[in-house]
Amino acid sequence: MTLSRDHELHKRRAGRNIGLALVLVAFIALVFGLTVAKVQRGGMIEAFDHTFRPGLAERAE
Amino acid sequence: MSDIRANEMTGEAGFGDYVALLKPRVMSLVVFTALVGLLVAPVSVHPMVALASILFIALGAGASGALNMWWDADIDQVMRRTRSRPIPAGKVEPGEALGLGIALSGISVIMLGLAANWFSAAFLAFTIFFYAVIYSMWLKRSTPQNIVIGGAAGAFPPMIGWAVATGGIGIESVLMFALIFMWTPPHFWALALFMNDDYSRARIPMLTVTHGRAATRRHVLAYTVLLAPVALGAGFTSIGGPVYLAAALVLNALFLRGAVAIWRRDETVAEADGYAVEKRFFRFSLLYLFLHFGALLAEAGLRAFGVFGYAGW
């Protein structure tokens, strides 16, 4: 028996792929929203990056 | 035709089958109790952080559900209640459930750590371990007290929610834990009383199988009696208040009445009316837990809006 393109098997597989795509898009949106929330709240988001920073140097003293 | 059926048996599951592996009904209870734990905490959380944290806690619960289904596939096949789950139904391979469970466990714990704090993430990791290893792999098949100790896994979510907000543990979060912990045995033993055949066929040492139904009825009453002071005690902490206490008083009185009714019945009477009292008690137990946490949420809402003019109890 040959499988036609719109066989139930393909529909199920397509449904799985669309479901996974939606989950991934939702995950990206969630991480993006989380990042925006964390950045807006301020906090220490600057780290040492091999250049002189007066702010960091003063704290070290 | 046969080759297509062979494909169906080897991993051509639909998206819904993978969702079913995560036990969505258990997840909904976890979402609700964890959300209450987070919202009643004295520290406010950014809505986005709260949303992400609750989703990752739910994902962790789903991961432990998948691991549980992987391990219990053999007994799920025997039990009427679980026969249609994705693995025994032949829709998902056991290895897929294991992979999904491990992957989602890792993702949920790391993401909760990044979204909230590492204490709550470690707590979530411990909860997954407790449910998948301590309960599913060890206790469930070895002791009639499986439900009692295993119930702890289901009781941790409000503590994790509280930890997301506060970064620690408090008497309030311990009491929320104790409420679910003490509620679990009467809830499940009532179910076991009218689903006994399932458990004995799967050779799970449920109390009804090992110690008999009369002993199970006594246990239901004993745990319900012990549950009442825990439920009422939460009303006298910072998360309680008059609304919660009034709700807890009524709910515990009704729950106790149900437990006494179960205790006073014997099998002949129960069989005659098709376990009507046990079934009613089981249904009410779901409402009991939902309304307790709903009342805690109402108290938090009242405090936030300063209704009744009390800033604490």
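I looked up burial in chain B: of its 313 residues, 56% count as buried (under 20% relative accessible area, 1.4 Å probe, protein chains only). The model is predicted, with local features requiring pLDDT of at least 70 and side-chain atom pairs pLDDT 80 or more, while totals for chains, interfaces and linings use all residues. Residues are numbered from 1 along each chain, chains are lettered from A in the order written, and side-chain values use heavy atoms without hydrogens or water.

I noted 16 helices and 0 strands in chain B (DSSP runs: helices H or I of at least four residues, strands E of at least two, numbered from the N terminus).

I then examined helix H10 (residues 171-194) and helix H16 (residues 276-304) of chain B, which pack at about 165° with axes 8 Å apart (axes are fitted to C-alpha atoms over the stretch in contact; angles run from 0 to 180 degrees between N-to-C directions). H10(B) is therefore roughly antiparallel to H16(B) (over 145 degrees). Among the residues that meet are B:Trp183 and B:His187 of H10(B) and B:Phe282 and B:His292 of H16(B) (contact: heavy atoms within 4.5 Å). I recorded 16 nonpolar, 3 polar and 2 charged residues in the contact of H10(B) with H16(B) (nonpolar: Ala, Val, Leu, Ile, Met, Phe, Trp, Tyr, Cys and Pro; charged: Asp, Glu, Lys and Arg; polar: the others, Gly among them).

The contact includes A:Phe27 and A:Gly33 of H1(A) and B:Met48 and B:Phe56 of H4(B). By class I noted 10 nonpolar, 1 polar and no charged residues there.

Methods
Buried < 20%, exposed > 50% of the residue type's maximum accessible area, 1.4 Å probe, protein only. Parallel < 35°, antiparallel > 145°, perpendicular 65-115°, else oblique.
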